[in-house]
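Open the structure in your viewer and keep the selection panel at hand. The tour goes stop by stop.

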Amino acid sequence: MQVLRRMFGCGAIVGCVLSCWCATAQETVVAGKTRWLHLSSAQGDLPAPGVGRQVAALVADIDKDGKNDFLIASYEKMVWYRRNSEKGDGTKLPIENGMATGSLEAGGEFYDIDGDGDLDLVMGAAYGGKGCVWWWENPYPKYDPKAPWQRHLALQVGGQHHDQIFGDFDGDGKVELAFFSNRDGKLYLAKIPADPRTTWPVTEIASLPLEGGNPEGFAKADLNGDGKLDLIGGGWWFEHLGAVKFKPHTINPRRQFSRCAVGDLVKGGRPEIVLNSGDGVGPLEMYRWEGSQWAAKTLIERMDHGHTLQIGDIDGDGNLDILAAEMHTPGPRAKCRLFVLYGDGRGNFRTVLLSTGIGSHESKLGDLDGDGRLDILQKDFQQEQRIDLWLNRGAVR
């Protein structure tokens with residue numbers, strides 16, 4: 001474990017703990033409708049993960065204490081920053097201490113895979129992962145600061161698996177895992193067996209043309225109002241027809257190589273879908289259903305490697321907002337930007353630039369300090385291998 005010297009503004013400490021998660025002492029920055037407290041490993045406010053090139057970030061209550069923790073993963077290692085809700089501090093603990101070079105890809109998802117009441121973790125293969133999907137068994141309540149979690153091989157199929165998502169997508173009342181084999185455009189659905197330590201049955205449910213790029217990105221919502229959860233990703237959405245049959249519907253198939261998010265950005269009717277540029281250059285767009293097709297509205301004209309996209313009510317006004325940001329390298333380097341787009345519930349947004357020059361790759365929204373507000377976990381990929389926290393101190397009054 002490493003020491004967090006000035007976590008959330010409560011002073012330096014000594015030992016194997018991360019200091020207080022209850023920032024009050026440092027200055028806040030006003031950006032748009034929100035006050036933010038910015039903390040960074042680049043400034044010594046918290047230790048860098050130290051795992052290498054940071055491919056993934058996730059926010060979840062890992063230890064069942066009712067407070068969110070967060071995870072940072074590289075191609076080979078994973079650590080989680082554990083919040084201790086009773087003492088108001090935390091520790092940095094291992095989940096994976098080292099796999100073969102290039103094993104783990106961006107994405108990942110938490111879910112109670114073994115049904116024991118705590119959240120386990122799934123991750124998919126990168127360029128060196130040989131088509132594997134693995135899961136890590138949460139050892140709750142016995143967390144050893146020197147021992148990683150037990151890793152299990154769930155299945156092996158296809159090649160690179162950028163992004164995974166859990167949901168009951170076939171309407172059988174049980175949660176499945178959906179994931180892409182990105183480079184061949186195939187979409188798979190895997191069942192969680194009664195004993196998840198055995199091989200998971202997997203079925204190919206769609207094969208997409210690659211003219212629009214390697215499909216990436218996942219979201220889930222009931223898009224057509226039939227009461228069933230639909231799967232969204234790669235510029236398409238997938239309607240369940242029965243058994244393991246799915247029908248792909250286009251949103252914008254030219255934007256398969258993108259990030260996606262879904263939410264009721266215009267209150268009433270079908271949820272809206274937002275696409276960011278992912279590993280490339282393109283606009284940030286909101287897609288709204290207009291009776292026979294998805295119509296695009298450009299929110300930001302040009303996002304250079306916009307590999308961050310999240311939707312949530314950031315300012316607490318009851319309307320959904322958008323977090324969108326660019327990578328540093330690859331990307332516009334010192335000109336990379338992080339935006340918050342404040343929604344009005346009618347499809348209009350006030351776009352606010354929160355930071356420039358800090359890379360964002362798979363940055364996430366989540367309540368990181370337990371005050372009920374959505375904060376930002378900003379994660380760089382490979383330039384500085386830093387993490388930044390933007391703690392939401394509330395709306396500007």
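What follows is a walk from the whole chain down to single residues.

**Before you start**

This is a predicted model, in which local features need pLDDT of at least 70 and side-chain atom pairs count only at pLDDT 80 or more, while totals for chains, interfaces and linings use all residues. Residues are numbered from 1 along each chain as its sequence is written, and side-chain values use heavy atoms, with hydrogens and water left out.

**Stop 1: the whole protein**

Show the cartoon. The protein has 29 strands and 0 helices. Both kinds of element are DSSP runs numbered from the N terminus (helices are H or I, at least four residues; strands are E, at least two). The radius of gyration is 20 Å, close to the 21 Å from the globule rule for 397 residues, so the protein is as compact as a globular protein of that length. That radius is taken over C-alpha atoms, and the rule is 2.2 Å times the number of residues to the power 0.38.

Now turn the model along its principal axes. The C-alpha atoms fill a box of roughly 55 × 50 × 35 Å.

Of the 397 residues, 58% are buried. Buried means under 20% relative accessible area, exposed over 50%, and partly exposed in between (1.4 Å probe, protein chains only).

How much of the contact total comes from residues 24 or more positions apart? They account for 49% of the contacts with a separation of 6 or more. A contact means heavy atoms within 4.5 Å.

**Stop 2: Leu177**

Select Leu177, in strand S12 (residues 176–181). Is Leu177 buried or exposed? At 0% relative accessibility, Leu177 counts as buried. Next, show what surrounds it. Beyond its neighbours within four places in sequence, Leu177 contacts several residues, including Val122, Val133, Phe166, Tyr188 and Trp200.

**Stop 3: charged side chains**

Colour by charge. There are 44 positive and 54 negative side chains, and the centres of the two sets lie 4 Å apart. Lys and Arg count as positive, Asp and Glu as negative; His and the chain ends are not counted. Each charge is placed at NZ of Lys, CZ of Arg, CG of Asp or CD of Glu.

The structure holds 22 salt bridges. Each one is a side-chain nitrogen of Lys or Arg within 4 Å of a carboxyl oxygen of Asp or Glu.

Pick Arg255 and Glu285. Their closest N and O atoms are 2.9 Å apart in a salt bridge. Arg255 sits in the loop between strand S18 (245–250) and strand S19 (259–263), and Glu285 in strand S21 (residues 281–289), so the pair ties together parts 30 residues apart in sequence. Arg255 is buried, at 11% relative accessible area. Glu285 is buried as well, at 11%.

Move to Asp304 and Arg302. This salt bridge has its closest N and O atoms 3.9 Å apart. Asp304 is buried, with 11% relative accessible area. Then select Asp163, Glu216, Arg259 and Glu362: salt bridges with shared partners join them into one network.

Finish the charges with Asp195 and Arg197, a salt bridge with closest N and O atoms 3.5 Å apart. Asp195 is partly exposed at 36%. Arg197 is partly exposed at 41%.

**Stop 4**

Most residues other than glycine have a negative phi, and most peptide bonds are trans. Now look at some exceptions.

Select Tyr140 and Pro141. A cis peptide bond joins them, with omega about 0°. Pro141 is in the loop between strand S9 (132–137) and strand S10 (150–156).

Go to Thr329 and Pro330. Their peptide bond is cis, with omega near 0°. Pro330 lies in the loop between strand S24 (321–325) and strand S25 (337–343).

Stay in that loop for Arg333, found between S24 and S25. Arg333 is not a glycine, yet its phi is positive, about 55°. At 48% relative accessibility, Arg333 is partly exposed.

Last, select His305, in the loop between strand S22 (294–304) and strand S23 (308–312). His305 has a positive phi of about 55° and is not a glycine. At 15% relative accessibility, His305 counts as buried.
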